[in-house]
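Open the structure beside this text.

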Amino acid sequence: MKVTEHIQQANGKPLFSIEIIPPAKGTDINELLGSIEPMLELKPAFIDVTFHREEYFDKQMPDGTIQQMSTRKRPGTVGICASILHKFGVDPVPHVLCGGFTKDDTEDFLIDLNYLGIDNVLALRGDAAKPYNTFKPKNGGHSYANQLVGQIKDMNVGKYLHEEAEYLNASDFCIGVAAYPEKHFEADTLEFDFDNLKRKVDAGADYVVTQMFFDNQKYFDFVNKCRQNGINIPIIPGLKILATKKQLDILPKIFYLNLPADLRKAVENCENDKAAKQVGIEWCVQQCRELVEFGVPSLHFYTMSKSDTTMAVAKQLF
Ligand code: FAD
């Protein structure tokens, strides 16, 4: 079922949904599935599975020369999605990136998802490949997520890259895109970034998932601005539960967000991570209560494939 159909069927009641990350290469999938299992009790409407592109590194060869190699540390998104759908009967949402994909790679990837009966995708540009700082499309691949949305929309009407004929099956993907209530780090202004979201919606996005935020006012302002500007698709808030003292430094650096002074102070005053985790849980419960009051379509938790904090929060709400 599509994410938008789940939202419609819930009839105004917020859904519970989660995002997981594939395990590091070489790990057994059962550990990952085992971490999802406790959360099934809360009936997640859908489970997002992140995609991790290639990274580049220099390797010294036997003849002493240096060659650039690439590796993917967390492959497996498609396989994990298939397992979630067929083992748990829950709708997976694979993340699909521009980065590291030619348009043909994208088409093949989407064909695999279609064969597996997967109804949803989250269309993203992705970041620059490590260790580089600038995003570069791969051999004519997409530069921005709105272009990727366009390709998926084309497949949804049976328009493939090299063929356009009646015998080709059209896919029917429900397409999500990302948005940033506190601005994407590359955009000079919120206005510019907002215009980008409009481009993605105009290209055919069906719903939005936000970057994590810890100050609900940022989300409320963002949603209100979207509504005033004719963006009327569901905007799902992404939620992260702060769980260690170190995250006070890490989260703002990685995700370009601000932590409210009250939260920062409460965590700084904690003696250890156990106490910090408790503060993080209580903060998130309070955030969720306000978001439910506001009428959000789903409470979407960035779990990092760990269930304990998400369960501690969600059990107080669902
Ligand atoms: P875009 O919407 O393409 O925007 C990227 C930047 O380009 C923005 O600053 C935008 O304002 C600017 N821009 C857009 N169009 C133009 C234009 N025409 N001219 C100039 N500038 C333009 N990353 C992963 O690698 N794997 C994941 O699984 C993953 N999942 C995510 C899930 C969510 C919910 C979110 C919020 C992020 C996720 N990310 C993931 C991170 C994401 O890939 C990065 O934030 C990336 O830098 C931007 O992706 P995007 O789809 O928002 O890009």
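Predicted model: local features only at pLDDT ≥ 70, side-chain atom pairs only at ≥ 80, totals over all residues.

A polar contact is a pair of N or O atoms within 3.5 Å.

Start with Asp127. An N or O atom in the Asp127 side chain sits 2.5 Å from an oxygen atom of the ligand. Tyr180 also reaches a ligand oxygen, with a polar side-chain atom at 2.7 Å. Arg199 turns to a nitrogen atom of the ligand instead; its polar side-chain atom lies 3.4 Å away. How much of the ligand's accessible area does the protein cover? The ligand on its own has 990 Å², and the protein covers 86% of that.

Now widen the view to the shell.

His184 deserves a separate look. Is His184 buried or exposed? Buried means under 20% relative accessible area. His184 comes in at 14%, so it counts as buried. Beyond its neighbours within four places in sequence, His184 is in contact with Arg125 and Asp193.

Next, move to helix H1, residues 3–10. Its buried residues are Val3, Thr4, His6, Ile7 and Ala10. Look down the axis of H1: these buried residues fall within an arc of 155°, so they line one face of the helix. Gln8 and Gln9 are exposed, on the face turned away from the buried side. Just past H1 comes Asn11, with a positive phi of about 55°.

Helix H8 spans residues 247–255. Gln247, Leu248 and Leu251 are its buried residues. Why do they share a side of H8? They cover an arc of only 105° around the axis, and that puts them on the same side. Lys253 and Ile254 are exposed on the other side of H8. What do the buried residues of H8 pack against? Their partners are S8 and helix H9 (261–268). Just after H8, Tyr256 takes a positive phi of about 55°.

Finish in helix H9, where Leu263 has its place. Leu263 is buried, with a relative accessible area of 1%. Which residues does Leu263 contact, leaving aside neighbours within four places in sequence? They are Phe214, Leu242, Val279 and Trp283. Asp215 gives a further reference point for Leu263. The two are 48 residues apart in sequence. In space, their C-alpha atoms are 9.5 Å apart.

Conventions
Residues numbered from 1 in each chain as written. Heavy atoms only, no water. Polar contact = N/O pair within 3.5 Å; in protein donor to acceptor, adjacent residues only side chain to side chain. Areas by Shrake-Rupley, 256 points an atom, 1.4 Å probe, with all protein chains shown as cover. Buried < 20%, exposed > 50% of the residue type's maximum accessible area, 1.4 Å probe, protein only. Helix = DSSP H or I, 4+ residues; strand = E, 2+ residues; numbered from the N terminus. Arc of directions from axis to C-beta. Contact = heavy atoms within 4.5 Å.
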